[in-house]
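How do the copies in this assembly meet?

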Amino acid sequence: MITLSSDFGDPYPAAMKGVLRTHTDAELIDVSHRFPRQDVRAAAFWLTQTLPYFPPATHLVVVDPGVGTERAALVVRAGEHALVGPDNGVLLPAARELGNVEVFEWHYDAPASNTFHGRDVFAPAAAQVHEAGVENIESLDHIEPTDDYVDLALPEADVGATEAAGEVLVVDDFGNVVTNVPGEVLARAGETVAVNGEAVPTARAYAERGPGERLVTVGSHGNVELAVREGRGDDAFGLAPGDAVGLEW
Amino acid sequence: MITLSSDFGDPYPAAMKGVLRTHTDAELIDVSHRFPRQDVRAAAFWLTQTLPYFPPATHLVVVDPGVGTERAALVVRAGEHALVGPDNGVLLPAARELGNVEVFEWHYDAPASNTFHGRDVFAPAAAQVHEAGVENIESLDHIEPTDDYVDLALPEADVGATEAAGEVLVVDDFGNVVTNVPGEVLARAGETVAVNGEAVPTARAYAERGPGERLVTVGSHGNVELAVREGRGDDAFGLAPGDAVGLEW
Amino acid sequence: MITLSSDFGDPYPAAMKGVLRTHTDAELIDVSHRFPRQDVRAAAFWLTQTLPYFPPATHLVVVDPGVGTERAALVVRAGEHALVGPDNGVLLPAARELGNVEVFEWHYDAPASNTFHGRDVFAPAAAQVHEAGVENIESLDHIEPTDDYVDLALPEADVGATEAAGEVLVVDDFGNVVTNVPGEVLARAGETVAVNGEAVPTARAYAERGPGERLVTVGSHGNVELAVREGRGDDAFGLAPGDAVGLEW
């Protein structure tokens with residue numbers, strides 16, 4: 001199985017699928033092609049939320065603001081999974097969730113296009129990795145173990161006894177504001193939490209609040225999430241990715 | 001085959017696919033993940049327009065404003081099809097189109113997340129239903145026949161000899177306004193129909209009108225549809241889901 | 001393998017997939033269902049950019065402003081590929097890229113719907129073509145070779161020694177402005193090119209410019225592309241599909 005993740009929108013992923021199909025019969029499953037544009041950190045976060053639910057697979061990831069530059073191409077072995085994508089850190093947080101991490105550089109010749117390495121570099125690489133099998137990555141041509149790669153760690157919140165200082169990681173399609181504050185803190189909170197100084201009710205589920213009302217909950221990722229029932233949390237809280245979020249309980 | 005329907009946008013459906021893949025090799029086909037958010041009636045309508053075109057399959061449906069509350073999880077057998085989703089009525093209109101309806105409750109333990117039962121409750125249930133086979137639903141653990149479920153019927157129009165009183169069911173991505181008035185009424189109409197009091201030309205096909213012109217036609221669902229050639233009917237007619245539509249001919 | 005391309009958005013493609021699945025077990029791969037609405041030329045362009053990357057396949061294409069009129073349905077053999085869609089020219093540019101072109105008319109009876117031939121005419125036709133095999137198209141019922149079809153050629157730019165006069169073919173999801181001027185001309189240019197009279201830096205890759213800066217590059221299609229690093233070229237250049245683009249170097 002090969003999963004595909006990118007910020008390409010439509011219809012560029014189709015060219016990648018065509019290329020993959022010329023190299024392999026592996027099942028192709030889209031994770032997303034609507035990751036926020038050229039936002040390596042957001043993509044890295046979403047990959048941590050999706051790839052661990054898959055059985056062993058090869059994961060092709062192309063969020064690549066450095067396309068056409070000297071940035072390297074990586075193949076990462078993580079337990080029984082393989083990840084293939086640009087050397088900008090996007091693969092690493094999910095790889096650490098998937099298992100023991102070993103990083104390889106994939107050496108490639110100048111491809112047909114300086115703007116579409118997803119099609120010309122990463123799709124052929126992912127197909128070859130998949131066909132070789134994750135345990136045989138070393139046997140591939142173009143492959144070399146490396147310690148010299150761009151790492152990325154999602155920012156961690158600063159959690160105290162009665163307060164936490166974190167930030168917004170992403171806003172999902174529902175408008176839910178996903179923070180990096182661990183959901184456990186809500187277990188210590190009462191019926192409200194102060195969010196950037198303003199009291200907001202806590203809730204186990206969206207439906208505990210009335211339509212249009214704000215709430216603080218634990219999202220599916222296990223982090224504190226700021227939401228509005230049947231509405232958009234990002235608008236109601238005035239928050240965007242990267243913004244600081246202070247919680248007090 | 002397992003079809004997937006939700007209002008999740010991106011990338012949450014990928015986690016559901018990963019979970020499904022850990023339980024089953026069944027083919028996965030997306031119906032949509034862009035149903036109008038938390039709009040049970042719109043989802044129910046679109047399911048009646050899509051699921052009957054599939055050969056026998058298991059249909060996983062998650063439009064679930066009550067996620068995290070006490071609402072039950074259902075498995076519905078409908079002819080040779082099975083539907084799996086929340087107990088809010090969303091499954092029933094399509095199930096009645098698919099065949100003889102039998103409803104079961106799927107008992108589940110508190111899942112990992114109160115906000116993502118699609119991943120933690122419904123995907124594993126759908127995989128198990130699929131693997132057991134629609135004729136063997138009773139053999140599954142956690143399953144119990146039930147008569148106590150939320151039903152939903154799409155509203156029916158009131159059709160007279162020269163007029164009909166209906167409403168807007170959904171607006172599609174083209175902006176076409178889909179009503180609940182049966183398309184047959186246009187067979188009785190002449191070259192125009194009064195739509196909420198204003199005369200609008202009837203047409204067999206969009207292309208019978210000029211670009212930008214309004215028309216009344218029979219849509220692919222068999223209902224009266226209010227459209228604009230190469231434009232948006234919802235804007236031109238000023239209509240949204242739930243609005244009343246009176247037709248006179 | 002059957003690929004699917006349309007301007008249908010959601011969820012109409014699902015009904016096509018259901019119909020296909022009742023006729024064939026072929027793998028189904030989406031190219032796009034978000035081609036610009038009823039824009040035959042844009043769809044034709046994107047098909048030239050995607051279908052040639054696939055191994056031999058049947059390509060179902062429904063961008064069909066003439067749906068419900070007398071326009072014919074076509075099956076095109078192009079090398080080892082088959083294309084199925086409306087007779088409005090949309091299939092031809094990609095077909096010429098794929099191989100030697102032979103055009104057949106697919107005769108169909110009045111279908112269930114005048115507005116959804118994708119479901120009622122083209123999906124069953126594509127499934128039958130796929131099942132017969134591209135070399136056996138002639139053996140199908142309803143099939144007749146034809147010379148009488150709508151052709152379409154993408155407009156060619158007028159390229160001189162120091163200038164080119166072209167136009168915008170499409171704008172992609174990133175906002176990149178794709179012109180019909182061959183990318184080769186940039187090899188003759190220096191560090192800037194005049195775009196409609198205004199000097200803009202050339203670049204091999206987006207990342208050679210600073211965030212928000214404009215650039216002229218060769219896109220993945222091999223044509224001159226007008227872009228903004230981490231921004232939208234269409235907004236920055238004030239250009240839309242069909243607009244004239246004059247380059248001087």
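Only 4% of the interface residues of chain B are also interface residues in chain C, so the copies meet through different surfaces. This is a predicted model: local features need pLDDT of at least 70, side-chain atom pairs count only at pLDDT 80 or more, and totals for chains, interfaces and linings use all residues. Residues are numbered from 1 along each chain as its sequence is written, chains are lettered from A and ligands numbered from 1 in the order in which they are written, and side-chain values use heavy atoms, with hydrogens and water left out.

**Symmetry**

Chain B superposes on chain C by a rotation of 120° with 0.0 Å of shift along the axis, at RMSD 0.0 Å.

**The interface of chain B and chain C**

| Quantity | Value |
|---|---|
| Residues in contact | 27 of chain B, 27 of chain C |
| Buried area | about 2300 Å², 58% on carbon and sulfur atoms |
| Salt bridges | two |
| Polar contacts | ten residue pairs, both at pLDDT 80 or more |

Contact means heavy atoms within 4.5 Å. Buried area is the accessible area (1.4 Å probe) that two parts lose on being put together, summed over both. A salt bridge puts a side-chain nitrogen of Lys or Arg within 4 Å of a carboxyl oxygen of Asp or Glu. A polar contact is a pair of N or O atoms within 3.5 Å; within protein, one must be able to donate a hydrogen and the other to accept it, and residues adjacent in sequence count only if both atoms are side-chain atoms.

One salt bridge joins the side chains of R21(C) and E27(B), at 2.6 Å from N to O. On the side of chain B that touches chain C, β2 (28-32), α2 (40-50) and β13 (214-218) each supply at least two residues. β2(B) gives the most, with four residues.

**Helix α1 of chain A**

Helices (H or I, at least four residues) and strands (E, at least two) are DSSP runs, numbered from the N terminus. Helix α1 (residues 12-23) of chain A has ten of its twelve residues buried, that is, under 20% relative accessible area (1.4 Å probe, protein chains only). Among them are Y12(A), M16(A), K17(A) and R21(A). Their cover includes β1 (2-6) and α4 (117-132) of chain A, together with β2 (28-32) and α2 (40-50) of chain C.

Note on methods: Least-squares fit on C-alpha atoms with pLDDT ≥ 70 in both. Buried < 20%, exposed > 50% of the residue type's maximum accessible area, 1.4 Å probe, protein only.
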